[in-house]
Amino acid sequence: MKRVIITAAVAALTAAALVPPAQARQVIAEPGAEAEYVVLYTEGARSADAQRAIRAAGGSILKENAAVGVATVTTTNARFAEAVRDAASIDDIAHNRSIGSVPTARRGAAGLAVQSRAVEKAGDGAPATSTFGRPAPAAEPLSELQWDMKQIHATVDGSYRHQQGDPGVLVGVIDTGVDGSHPDIAPNFNRELSRNFTVDIPVDANGDEIDGPCEAEPDRSCNDPADVDENEHGTHVASSIASPVNGLGTSGVAPKVSIVNLRAGQDSGYFFLQPSIDALTHAGDVGIDVVNMSYYVDPWLFNCVDNPADSPADRQEQATIIKAMQRALTYAHDRGVTLVSAAGNGASDYTKTIVDASSPDFASVPGELPYSRTIPPSCVSMPSEGKHVISVSSTGISKRKSYYSDYGNGYVDVSAPGGDVYDTADNHRDVTRATLAAYPRSVAEARGQLNPDGTPNVTNVVRSCKSDVCAYYVYLQGTSMASPRAAGVAALIVSKYGQRDRAHGGKKLHPAVVETVLKGTATRTACPTPPAYTYTRHLPDGTTATSTHTCERGALSNGFYGYGIVDALRAVR
């Protein structure tokens, strides 16, 4: 999931938490100023009637998703929302996140963001080559660095002997994009079905840089091609699912299934409503079997419809996000898409009342800042708490729940390895306790992580070469990394038990069956003893951080692991 999992990132928001809500959020359109809205149609209403109501209120439709009844609208009518809300064909309306204007200053030497808020950085640590031995016969060169695949038995002597996946099984990666040219992704990359549903956002309403200048060649467009990842997050996820067994680098959980890039994330790591909806409906329309969603929909980590700290406009926006996302999730599910999502990196129990000071995390009007809110369990994080969604928590190399992973009895469905750099004997940081997967060379170059001869100059980046082809890999940790490993097992289940899909080719298996097999074959993992588990982390700055998470049990599952740690071998043997 996209929230950076370093506690300092949360601490940096405490100043914003002091801003009173009324001051933090003033969504008042100036007369004549152009504003954007997301308009949700009433279920069952005709698109033509909704379009007519929008035009009558002074709006122009920029983009419409008729499958679920959602439109992005621009208007100069300061009272547009008031004017359109009473139409019978309109269910709800909320301010959209504005595109902003192009800044004069460029980002870094290559125009790429230095860090993405979407990515779980593992950071530097012990050199990768010092930790593990030589690969097993027929295994990939870097397979001994993939402790995560061993944990779920996705190895040459495990699930690969029985099922490596069917090329006709399609896994959609709803993320920041996928580097389709990466040598360890290209063989399994489906360009024909891949799409980019985003438009780069140079700056937000406060003038803060988001994606930076638009640079897509040849016309410096704000629309990146559907085989590009200028972040790294989506490429790492795709590689974890389906990097092939080809004598280069690493391999994924399901090394023969096909990857489809369904980009809904900005270069900067933000994920907004309309692109998320468009990605899900496209998945349903073209026959995607499994989608991975390692993110939450911005700008609200938790969507509350009646939180007293929020303005009426904020409540309406959050209600719209819940309704619209659920429509899209249901649309995809009803068309055979198994939905898998990261549980989150806030180290919080989603079944308890908590405090969040991170939202709204994107400024749609000048002066908008995040503020502190009390979050009861009735608030909803999307997509992980949506209906039909399999929520995945993260484990470390020892199989403990990762220190950053969100949890909750009844919230977490299954768990999977996502890494924990402090899961070590002495609680000091070790980068090799994160997970290793593909890394776009262009991003490594832009961040200055490669020497002139192409060798990495940081220990969390690894190079693998075969003949004259070299590829790069990076250590990352997070529930973002756990979720695709569960999605990979789901793809194996479809490959093993699915029936031929006459409509789209490939195979098809009902999502309810996939979920049942995924949970039923997971390795049952009990709560720790005692159930209140204390994490100790000796941080690089010399300080020590501790936190205690309590694992609650149900009849068949628990709050740390759900129904257990997914197991590729048990799922297909």
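Where is Asn451 found? Select Asn451 and take a look: it sits in the loop between helix 10 (441-446) and strand 15 (461-466). Before we go on, keep in mind that what you have open is a predicted model.

**Stop 1: Asn451**

Asn451 is partly exposed, because its relative accessible area is 30%, which falls between the 20% limit for buried and the 50% limit for exposed. Now show what it touches. Setting aside neighbours within four places in sequence, Asn451 is in contact with Pro456 and Asn457.

**Stop 2: Arg85**

Next, select Arg85, which you'll find in helix 5 (residues 80-85). Arg85 counts as partly exposed too, with 34% relative accessibility. If you leave out residues up to four places away in sequence, Arg85 touches Ile90, Ile93 and Gln316. Zoom in on Gln316: its side chain makes a polar contact with the side chain of Arg85, at 2.8 Å. Ala53 and Arg85 are 32 residues apart along the chain, and their C-alpha atoms are separated by 9.1 Å.

**Stop 3: salt bridges**

Time for some charged pairs. Side chains of opposite charge can pair when their charged atoms come close. How many salt bridges does the count come to? The count comes to 23 salt bridges, and we'll visit a few.

Select Asp92 and Lys323. They form a salt bridge, with the closest N and O atoms 3.3 Å apart. This pair links distant parts of the chain: Asp92 is in strand 4 (residues 90-95) and Lys323 is in helix 9 (residues 312-334), 231 residues apart. Asp92 is buried, with a relative accessible area of 9%, whereas Lys323 counts as partly exposed at 35%.

Move on to Asp148 and Arg485, whose side chains meet in a salt bridge (2.8 Å, N to O). Asp148 lies in helix 6 (residues 147-151) and Arg485 in helix 11 (residues 479-497), so this pair ties together parts that are 337 residues apart in sequence. Are these two buried or exposed? Asp148 and Arg485 are both buried.

**Last stop: helix 12**

Finally, select Glu515 and Lys519. Here is another salt bridge, with the closest N and O atoms 2.8 Å apart. Glu515 and Lys519 are separated by about one helical turn, because they are four residues apart in helix 12 (residues 511-520). Lys519 is buried, with a relative accessible area of 15%.

Definitions and conventions. Residues are numbered from 1 along each chain as its sequence is written. This is a predicted model: local features need pLDDT of at least 70, side-chain atom pairs count only at pLDDT 80 or more; totals for chains, interfaces and linings use all residues. Side-chain values use heavy atoms; hydrogens and water are left out. Helices (H or I, at least four residues) and strands (E, at least two) are DSSP runs, numbered from the N terminus. Buried means under 20% relative accessible area, exposed over 50%, partly exposed in between (1.4 Å probe, protein chains only). Contact means heavy atoms within 4.5 Å. A polar contact is a pair of N or O atoms within 3.5 Å; within protein, one must be able to donate a hydrogen and the other to accept it, and residues adjacent in sequence count only if both atoms are side-chain atoms. A salt bridge is a side-chain nitrogen of Lys or Arg within 4 Å of a carboxyl oxygen of Asp or Glu.
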